[in-house]
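Morning, everyone. Please have the sequence and the coordinates open.

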Amino acid sequence: MVASPGVAVGEACQLRRLEPEVRETGADINTETAALERARAAVRARLERAAHAPAAAGHEAAREIAAAHLELLEDPELLSGAHSLLSQGKSAGFAWRSPLRAAADTLRQLPDPRLRERADDLTDLESQVLLALAGGAGTGGPALPAHAIVIAQELLPSQLVALDASRIAGIALAAGGATSHVAIIAAAKGIPTLVALGPSVLAVPDGTPVVLDAGRGLLEIAPAPERLARARAAVAALAASRVGELAAAQHECRTADGIRIEVLANIGSLAEVDAAVKNGAEGCGLLRTEFLFLDRQSPPSEAEQSAAYAAIAAALGSRPLTIRTLDAGGDKPIAYLPLPPEENPALGLRGVRTGLAYPQLLRTQLRAVLALGERSRCRLLLPMITDTSDLLAVRAVLDEVRRELGGADIKVGVMIETPASALLAESLAEAADFLSIGTNDLTQYTLAMDRGHPQLAARLDALHPAVLRLIARTAAAARARGRHCAVCGGLASEPLAAPLLVGLGVNELSAVPAVIPRLKARIGAVAMAECREIARQALQADSAAAVRELLVRELARTGVIP
Ligand code: PEP
Ligand code: MG
C-alpha cells in the first residue's frame, strides 16, 4: 500500500527498534523520580529543538509532530499515573511505561484509524524516554548505507527523524498505515514509502538490492541486473525532472492540448500553506477543519475559528480556499460532544450528520466562515453527504446565519464520499455549487472495507473499477449541470492516476502539496483524447490491479513515464 509515491533503488537495511530492559522495582522514590525527571528533561530539550527548528521544505511535518510529542510529555494524566507508580516503589522506567502503554492500548481499540495511529505517538514517547533513561537518547539513529531502503515492522516518527534522510532512498514497512505520522513525514520529505507489506519483508537480508516502486505498490527483491539498471536510470531521470517540474509548477495547469485542469492542495493547518504555495498549489481544495476541534475540552469559539480561517486565507493570497465543515463523529473523543457510543461509527453520526445533530456547532462554524466576507475567495464544502436533504438542511442554517450577519454569499459544495451521493450526483449537482469526490471514504463504502483495516489495506484501492464508475458518473452529472467536479481524496495525490481522473471528466485535483509539481507535469504531458481513452479502458477493467497495470502500460507507451 502506497504511503508516499515515487520509485527508489537501493539496498535493504533492516531496522529493529531498541527496547531497553525495564525493571519493575525501583531503588528508592527520590532516586527514581530524579531519574525520570532527568530523562524527560533530555527528551524535552531534544523535542523543543525539533519543534522550533528553522522552517525548511519537508521539516514542517516533523516540527508539528515534535510539538505534539512535547504536549504528550507534559500530559497531566500520564504524569499523575507515573508518579503514583513511583510512590508505590516502582522504577522510573516502569512508572513511565505503564500509563503510556495503557493509554496507547485504549486508543488502539478505537475504530477511527487516525486515532488508532495516535497510539504510535505514545509508543514513540515511551521509547524516547526509556532510551533516555538507559542513557541512549540523542545519539541519533543507526548508520545507514547510501541509498538505504529502510525495512521495519513499524517505524516511529522519532526514529525516522533521527535517521540521516539523505541516505534513505525508500521505506518499506511490514505494518503501518498510509495516514500515519511516519507516512506524513516521509511524504513531506519526498521519500517513496510502502506500508502494510506483511511480515515477509522482515526476512529480506541486509544489503539485498531492492527496487521500491510506490507507483505500482511493489517491492522487488533482488531483481535481475537489467531491471536494476533500468530502475536506476528511471530514478535518476525522475530526480532530474523534479527540478524542472518544481519551476514549471508555478504556472497554471493544462493538458497537452490546452484544457485547463486546476491543481489545488489539501491542507490540515496554517503550517502547511507555505509548502502548498511553494509547490505550485493554485489554492486549497480541502481544508480539514478538524485540527481546530480535536484535543480540547470545549469547541473553538467563532472568533478563534474566524481568526484561524482568515490567517489561512491571507497566506493563500488571491488563491481560493475551500473550507470543509467539521468532519468528526461518534467515534472521535470530542469531550464536549456527548455522542452516544455507536456500534459502527463509520456508519454513524459523522460528517455533516454531526453538525445537523448539534446545530449550534454548525452555526458557529458557518458564522466564522461567513465573517471572512466575499473578498476572501472562500467556499464551503460539506462532508459525508447522502442526498440533497443534507445539503438543504445546511443551506437553511446558512440562510439564517447570512440574514444575521447581513449580505455575504458563499458557494457551497458537497463531498461525494458515499455510493448514495455518487448515484444521486445529478440532483446534488443541481442543488450544490460544486462537487468534490472524497475517494478515501468513497472507496471504503463502495468496497465495504474499513479504510484503516491492516489486513484489507492492500485491497483498499481507489482504482477499483467500481469506484471509477462512481467517479465517472459524478463527473458526468457535474458537467451536465455546468458544475465544477473535483477529487480531493487520496487518489488525486497519485500522479499515475491523474490522466485517468482527467479522462473521467474531473476538472480539479486537490492533493498533498509535495506531489503537485509531478501532477501538473503528468497532466501537461497528455492530451485529452489520450486521457479519455485511458478512462474508457479503465472503466471496462475487472479489478484495481488491472487498472494499475493499464495505467503503467499506457503511460509508458506514450512516453509519459519511463
Ligand atoms: C476522503 O474521504 O477522501 C476525504 C478527502 O476526506 P477524509 O480523508 O478527511 O475523510
Ligand atoms: Mg472523507
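Strand S9 (284–288) and helix H16 each give at least two residues to the shell around ligand 1. Helices here are DSSP runs of H or I with at least four residues, strands are runs of E with at least two, and both are numbered from the N terminus. This is a predicted model, in which local features need pLDDT of at least 70 and side-chain atom pairs count only at pLDDT 80 or more, while totals for chains, interfaces and linings use all residues. Residues are numbered from 1 along each chain as its sequence is written, chains are lettered from A and ligands numbered from 1 in the order written, and side-chain values use heavy atoms, with hydrogens and water left out.

Back to the shell. H16 contributes the most, with 3 residues. Of the 14 residues around ligand 1, the nearest are Arg 288, Arg 324, Gly 438, Asn 440 and Arg 451; near means a heavy atom within 4 Å.

Now the polar contacts, that is, pairs of N or O atoms within 3.5 Å; within protein, one must be able to donate a hydrogen and the other to accept it, and sequence neighbours count only if both atoms are side-chain atoms. Arg 324 places a polar side-chain atom 2.9 Å from an oxygen atom of ligand 1. Thr 439 uses a backbone N or O atom, at 3.1 Å from a ligand 1 oxygen. For Gly 438, a backbone N or O atom is 3.4 Å from an oxygen of ligand 1. Alone, ligand 1 exposes 290 Å², and the protein buries 100% of that, by the Shrake-Rupley method with a 1.4 Å probe.

Next, the metal. Which residues coordinate the magnesium ion, ligand 2? Glu 417 (OE) and Asp 441 (OD) do, at 2.0 Å, where donors are N, O and S atoms within 2.8 Å of the metal (3.2 Å for Na, K and Ca); water is not among the atoms, so sites may look incomplete. Glu 417 is in the loop between strand S12 (411–416) and helix H14 (419–423), and Asp 441 is in H16 (residues 439–447), 24 residues apart. Glu 417 is buried because its relative accessibility is 2%, buried being under 20%, exposed over 50% and partly exposed in between (1.4 Å probe, protein chains only). Asp 441 is also buried, at 2%.

Last, Glu 282, in the loop between helix H9 (273–278) and S9. Glu 282 counts as buried, at 15% relative accessibility. Its side chain makes a polar contact with the side chain of Arg 260 at 2.6 Å. A polar atom of the Glu 282 side chain also lies 3.3 Å from the backbone nitrogen of Cys 253.
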